[in-house]
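The questions below ask what stands behind each label.

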Amino acid sequence: MSRLIVISNRVSAPKGRSPAGAQGGLAVALGAMLREYRGLWFGWSGEKTDHFTGQINMHREDGITTATIDLEEQDVDEYYNGYANRTLWPLFHYRIDLAEYDRSFGSGYERVNHRFAETVAPLIEPDDLVWVHDYHLIPLATQLRQAGLKNRIGFFLHIPWPPRRLLVSLPFHERLVRSMLDYDLIGFQNEEWLDSFRDYVRYELGGTIEEDGTIIVGKRKVKAGCFPIGVDFEEFTEAVKSEETQQAYHRLLKSAEGKSVIVGVDRLDYSKGLEERFWGYRRFLEEHPDYHRHVLLLQVAPPSRGEVHTYEAIRERLDELSGRINGGFAEVDWVPIRYVNRGYNRAELAGFYRASDVGLITPLRDGMNLVAKEYVAAQDPEDPGVLILSRFAGAATQLRDALLVNPYSKDEISDAIRQALDMPLDERKRRWQSMYDSVEKEDVVWWRQNFVQALKGVEKRANLTIAS
Ligand code: ADQ
């Protein structure tokens, strides 16, 4: 059987026997598959070095081999903090107002992709399947092809693909998209992002889309499809039974003292719609004084990407806004928002989700949003909470029985909170059951199997004959 080589920006070594929730979702998701395929996971260690040497740090644990490299400070600034997080991330989340275009970012991005390719290429054998992850590594296939690889190479984009009219604001956009044609399979989270990609290919590259979804541009032929990512359902439902989850559950219930709890859990990022969410909650408090002292919003949002200025700015605005809302509405024995700037592991989060009457997940734009699915998976079947979900999250295509809202509308958020808090038990159960079924069936195992099957199904490069 062929091996699987996973390549992503960062590698977090899967620790098979660590406590549930102590590691990232992707690590758990890919860990089982890497074991199955005798795989290798390659990427940046997260460490810096004075001079890039390409020295690989191999580590083998619990059946999984990881191979990591250190990057220079300039690489991290230009490639990671720069092009990935200050150019592509905002643009792909429809925020061209925040996207920064700097020549040095672009060259750093190319350089690091080249460094990744030349370091990993000697580790790849002819029959290996290669699976590249996310926007940090879009041009990697081109670099790997230049290094002589004819392997099947797949790419999965975890974030949205922007509409053509936004993407053309990126200098050298055509070069970036053309580099994707060196993959054999490109996966998106949902139809909307796939459609935007096809639209670009048709109108900017003059490509055609065949009936089976194959994209043809000149002599290049690529498969593109939808592969919505899911949660590790088995691991998550196990975690719900753990002691740690029980403790977190009781801790929140006890401190809520009978109030209804609304929970939001996000990385502190402008795409997650936290300011708009706080404004929506404020509107709810203004319109419904009868709920004062009977409800609280717990917002968990640990800072991320601290080295990027926009993230400091949003942090300041949220501190101020939550302070103003609490200042304006709080009473001696009631604080309407508990805004917590630290992370919790998934077992603890599961307890918070289960203890909450409402999950309020309102990103302005999100590739998928796994928190929404985790919220559903953690509920008590006899007394499930209600999910309020942004219609602009990829998850909204699957979780149709959530209360779907426009995250920019304070009124819609306010009305949905009211509807959720007043929802009768039988309606809560009906909506939850249908979402639970989809979260259970379309989980992370389903996702990775579908992707790998599809990648195995594409013809190998050497055998391709394409009519131009
Ligand atoms: P993220 O933007 O990080 O991921 P999301 O899918 O919501 O967003 O979360 C991923 C994981 O991080 C989840 O397992 C969640 O529990 C955890 N997490 C989020 N907030 C947390 C917090 N405050 N404390 C602790 N843990 C937290 C990107 C894309 C998403 C896509 C995923 C997977 O932006 O759209 O769903 O990749 O493809």
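This is a predicted model: local features need pLDDT of at least 70, side-chain atom pairs count only at pLDDT 80 or more; totals for chains, interfaces and linings use all residues.

Q: Which residues are closest to the ligand?
A: His158, Pro302, Asp366, Met368 and Glu374 are the closest of the 21 residues that surround the ligand. A residue is near a molecule or strand if one of its heavy atoms lies within 4 Å of it.

Q: Which backbone atoms lie 2.8 Å from an oxygen atom of the ligand?
A: A polar backbone atom of Met368 is 2.8 Å from a ligand oxygen. A backbone N or O atom of Leu370 also lies 2.8 Å from an oxygen atom of the ligand.

Q: Why is Lys259 called buried?
A: Its relative accessibility is 15%. Buried means under 20% relative accessible area, exposed over 50%, and partly exposed in between (1.4 Å probe, protein chains only). Lys259 is below the 20% limit, so it counts as buried.

Q: Where is Lys259 found, and what is it in contact with?
A: Lys259 sits in the loop between helix H9 (243–256) and strand E11 (260–265). Helices (H or I, at least four residues) and strands (E, at least two) are DSSP runs, numbered from the N terminus. Contact means heavy atoms within 4.5 Å. Beyond its neighbours within four places in sequence, Lys259 has contacts that include Arg293, Asp333, Trp334 and Asp357.

Q: Why is Arg38 called exposed?
A: Its relative accessible area is 54%. That is over 50%, so Arg38 is exposed. Arg38 lies in the loop between helix H1 (25–36) and E2.

Q: What is the phi of Arg38, and what is the phi of Tyr94?
A: Phi of Arg38 is near 50 degrees, a positive value in a residue other than glycine. For Tyr94, in the loop between H2 and H3, phi is near 70 degrees, again positive. Most residues other than glycine have a negative phi.

Q: Why is helix H8 said to be largely enclosed by the rest of the structure?
A: Six of the eight residues of H8 (residues 233–240) are buried, so the helix is largely enclosed. They are Phe233, Glu235, Phe236, Thr237, Ala239 and Val240.

Q: What makes a nonpolar core, and which residues of the largest one touch the most other members?
A: A nonpolar core is a set of buried Ala, Val, Leu, Ile, Met, Phe, Trp, Tyr and Cys residues joined through side-chain atoms within 4.5 Å. The largest has 95 residues, and Ile7, Phe116 and Trp161 touch the most other members. Helix H2 (residues 73–92) gives the largest share, nine residues. Apart from this core lies another of 61 residues, among them Leu4, Phe156, Tyr375 and Ala402.

Q: How do you know that E2 and E4 pair?
A: Two strands pair if DSSP finds at least two bridges between them. Strand E2 (residues 40–49) and strand E4 (residues 64–72) have seven bridges, so they pair, in the parallel sense. Thr49 stands opposite Glu72 in E4.

Q: Why are E13 and E16 called edge strands?
A: Strand E13 (337–340) and strand E16 (403–405) each pair on one side only. Their open sheet has six strands in the order E13-E12-E11-E14-E15-E16, with parallel pairing.

Technical notes. Residues are numbered from 1 along each chain as its sequence is written. Side-chain values use heavy atoms; hydrogens and water are left out. A polar contact is a pair of N or O atoms within 3.5 Å; within protein, one must be able to donate a hydrogen and the other to accept it, and residues adjacent in sequence count only if both atoms are side-chain atoms.
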